[in-house]
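Here is a friendly briefing to read with the model open beside you.

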Amino acid sequence: MRIRKTAVIAAASSLALLTGCGAADMTKQASPFANAQGAKTVTLSVQSWVGAQSNVAVAQYILEHELGYRVDTVQVDEVPAWDALSQGRVDALLEDWGHPEQEQRYVKDKKTIAAGGGLGVTGHIGWFVPTYLAKQHPDITNWKNLNKYADLFRTPESGNKGQLMDGSPSYVTNDKALVKNLKLDYQVVFAGSEAAQITQMKQFAKEKKPFLTYWYSPQWLFKKVPMTEVKLPPYKEGCDADPEKVACAYPHTPLQKYLNADFAKKGGKAAAFLKKFRWTTEDQNEVSLMIADKKMTPEDAAKKWVDSHESTWRKWLS
Amino acid sequence: MATVTANPPRLGLPGLLKNRAVQKLFLLALAAAILVPLANARWASGTWPSALTVDFSEPLAKASDWIIDNRDSHPLFLYFFGHVSNVVVIAVRAVYLTLLAVGWAGVTAIGALVAWRVAGVKLALGTAAAFLACGLLGMWVPTMQTLALMVVAVLASVVVGALLGLAAGLSDRMDRMLRPVLDTMQVLPAFAYLLPVVLVFGIGVPAAVLATVIYAAPPMARLTSLGLRGADKEVLEAVESLGSTARQRLLTARIPLARKELLLGLNQTIMMALSMAVIAAVIGAGGLGDRVYQALASVDVGAALAAGIPIVLLAVVLDRVTGAAGEKLGAEPEPHSGRGWLFALAGVVAVAVAGRLAGRLDWPDSWVVGIAEPVNRAVDWMTAHLYSGVPVVGGTADWAGHFTTWVLDPVRDGLQALPWWAVLLIVAALAWVIGTWRTALTAVLAMAAIGVLGVWKPSLDTLSQVLAAVAVTLVVGFAVGIAAARSDRLERALRPVLDVFQTMPQFVYLIPVVALFGVGRAPAVAAAIVYALPAVVRITTQGLRQVDPSVMEASGSLGATSWQQLRQVQLPLARPALLLAVNQGLVLVLAVVVIGGLVGGGALGYDVVFGLAQGDLATGLVAGAAIVCLGLMLDRVTQPTERRAKKGA
């Protein structure tokens, strides 16, 4: 009996110890690995695709070598990144593909996240076939003819339908609804991660096999596996409002940056720099190719780009 | 066996019904004959009837919104979770800064000297080599981050686990309450509870540490309770007769008697915690796991391997050192052991101070060896040559295609075509024949819960993948296990290979698996086989080796051939071990269903990944719960009566 009593007392007192000393705001906690050697630290979130790695690599290089910050990076998907940004776990998200729901909640209602301006890159999602296939069958690039070619895209996974390959679950996609609403004889197969999707596309391309895939630009893989977009019914403002009834193409989205609201106010030079950070699709692709294709470390790739584009990034520092 | 003798065969029944299994099936058939027409008349449908599902998506979405909106204002968060999170951050930071301050030379020296004192010279050299290898791979700082996180997580798990184990070991009521919880935790895939933890604590180290503690504490609790309950009754009576109080008995007799189990618990906890290192990276744990995860994004197997090797090395070293410590416990204490520790301490201080004075706290950049490029070239070569067009046997892509069309599709379609009550009946029959009516009831309820959650179809899809993967794992695992049990040399050669595959983070081999088998369910099955195979091989080998050598000799002297010996003596006698292998195979395969979702496995695994990526609690949590139910069902179905009985002892 005595043991149980002591256990209860111990539990109660440790609880009191934990809770007794005032409020602890979780939003004010940084990573335990930050500021390790007494430097000012900025934490950037990296999304799982290489373009996002390129943004972060270049920003990190300039923050570290020109402005004297220490930079921590955290790999996290977009939606959780919004949450982490709101809590101050990360200071900036450099490439967002449009999340109106999150924007409403955090930027407009809670005001814990501040818009950081455009990245300068325009993103576009679409359906793609490899260019070697488009050359063989020029009419394949219109969705109306896709059913005619469904047999070409059959795989064991899609059974007796054609396979439309989708990627990571974190990406914005309406493909299931599109296939249904456009009455296409296709099965959406989710690769589950971008790594798996890219690996599969490269294997297909090596053997010049036909494939149809959800893909997006800017993306470094276009330089390795040239692809042609399949035309879907044109995008009109609001045609994707009801996710069940979508029957149109994806929009062209100017990619946005977001900063933690406190960091945006008090982040000093780092925040000012990240707000001005703005480059082009070509710039981003240059760095991405170095990372993904030449297998350079993001740091080396960033250094190479920074060394040869001084006029571009000088403007971000003024 | 007890259950068999407890029910003497009833007289007057036909001979067939004397068989226990047939009796059970007969009763079940009787129950089915009454219930099925009723159920079928009421809810006539092939899949789980929609009238019997409960939609959890709205309350879950509401709960998720409430947490996000109140996280920075509600007292529960401010005064409880906030402090928990704070303590974790401060603790991890303290350990991390200490590790950095000691420097690479100091950390290596500490590791080696502790290993020397606990486990001898050979392991000390191994430990030092492992730490240096982490540095050489250019992973020193991430290794220290992971180590800091592990130290805190393991300490917390040990404290929590030991307290729970103490409670369960001392009180029968606590034991009855905790046992089903711990049983469930064992089949709970780690991914399933990342989402709720993240929702409360946000991305980052606190969430990662807590997820690790939830995952790693149960074995400690289990083994502590086992150790306390297993203490020799006579010794305890002797201590009691000396007039000691309950507390004295606990401290002087029961806990010291249980130290072997306690150390085994520590060992298990460390291994579980390390296996979470990479999974926790998905929610922002940083360290080695994050490097693996980032390498995955740029499809860079070599870089992923460079970060994966330190995890394997840490795991193997920690496993061996704690294992050796456990074995040494029984032995006589060495003379001058105090002096040995003193030497060790002096050595550490000397090395650390030397490192500091030399200004070499960080691992020097020029000492880093890049392995990424050659590894990538090797993987490219392999996948290019094996993928397709291999003469006679066909490429791996063809195998994967055939496996999907001829095995996975029929099994999945077959399961999904079965009426829902038929699935429940099959589960009940299997579980009852192998186990008891209790296990059968739990299994049926778990399966029914899946239907109620409204994920019947994807769950059967996942089940078909699990069954296919387990079948292949068992065929290969038993074959290799039997071979290893018969040849010492093969067993020794296999040991490091099994070690590597058991501890290598699964993210590292995702890309090669896709490159070989394409995207879909086939690579998901392949990844599961790679993960579950080592355990099955180990258990099989051990089970066969434990067969009494005198029985083997006797059968040998009677002129049995080696094949006859195996089939008629060894395998029947090792039956409990083989059943355990089946059980473990199932649990392990299910644990990587979520990983399968990352390579196109679809179904429940994909839903969990989707929930995490989109912050969608409804999808992710329901799919996670369904995986747990599947795990419970499969565990109970394959749980032989003997194991139950042994646990109760």
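Let's begin with one glycine: B:Gly631 sits in helix α29 of chain B, which covers residues 617-637. Please keep in mind that this is a predicted model.

**A glycine in α29 of chain B**
- B:Gly631 has 24 C-beta neighbours inside 10 Å, and therefore counts as buried, since the cut-off for that class is 20 or more.
- Leaving aside neighbours within four places in sequence, B:Gly631 is in contact with B:Val187, B:Val587 and B:Leu590.
- B:Phe201 is 430 residues away from B:Gly631 along the chain, and the C-alpha atoms of the two are separated by 27 Å.

**Two helices of chain B that pack together**
- B:Leu590, a contact of B:Gly631, also takes part in the meeting of helices α20 and α26 of chain B.
- Helix α20 (residues 456-486) and helix α26 (residues 575-591) of chain B pack at an angle of about 135 degrees, and their axes are 9 Å apart.
- The crossing of α20(B) past α26(B) is right-handed.
- On the α20(B) side, the residues that meet α26(B) are B:Val466, B:Ala469, B:Val470, B:Thr473, B:Leu474 and B:Gly477.
- Their counterparts in α26(B) are B:Ala581, B:Val582, B:Gly585, B:Leu586, B:Val589 and B:Leu590.
- Sorted by class, the residues of this contact between α20(B) and α26(B) are nine nonpolar, three polar and no charged.

**Where chain B touches chain A**
- The contact between the chains draws 65 residues from chain B and 52 residues from chain A.
- Several helices of chain B each supply at least two residues to the side that touches chain A, among them α4 (75-119), α6 (140-170), α17 (396-417) and α28 (603-614).
- Of that side of chain B, α4(B) gives the largest share, with 16 residues.
- The side of chain B that touches chain A is made up of 33 nonpolar, 24 polar and eight charged residues.

**A strand pair in chain A**
- Strands β1 (residues 41-46) and β2 of chain A pair in the parallel sense, over six bridges.
- Within this pairing, A:Leu44 has A:Thr73 in β2(A) as its bridge partner.
- Strand β2 (residues 70-75) of chain A is mostly covered, with five of its six residues buried.

**Backbone details to look up**
- Most residues other than glycine have a negative phi, and most peptide bonds are trans.
- The peptide bond from A:Ser217 to A:Pro218 is cis, with omega near 0 degrees.
- A:Pro218 lies in the loop between β7 (212-217) and α8 (221-224) of chain A.
- A:Lys208 is not a glycine, yet has a positive phi of about 55 degrees; its place is the loop between α7 (194-206) and β7 of chain A.
- Is A:Lys208 buried or exposed? A:Lys208 counts as exposed because it has 10 C-beta neighbours inside 10 Å.
- B:Ala603, also a residue other than glycine, has a positive phi near 50 degrees and is found in helix α28 of chain B.
- With 26 other C-beta atoms within 10 Å, B:Ala603 is buried.

How values were computed. Residues numbered from 1 in each chain as written. Chains lettered and ligands numbered in written order. Predicted model: local features only at pLDDT ≥ 70, side-chain atom pairs only at ≥ 80, totals over all residues. Axes fitted to C-alpha atoms, helices over the stretch in contact; angles between N-to-C directions. Helix = DSSP H or I, 4+ residues; strand = E, 2+ residues; numbered from the N terminus. Left-handed = near helix turned anticlockwise from the far one by under 90°. Contact = placed C-beta atoms within 7 Å. Nonpolar A, V, L, I, M, F, W, Y, C, P; charged D, E, K, R; others polar. Buried ≥ 20, exposed ≤ 12 C-beta atoms within 10 Å, placed from the backbone. Pairing = 2+ DSSP bridges.
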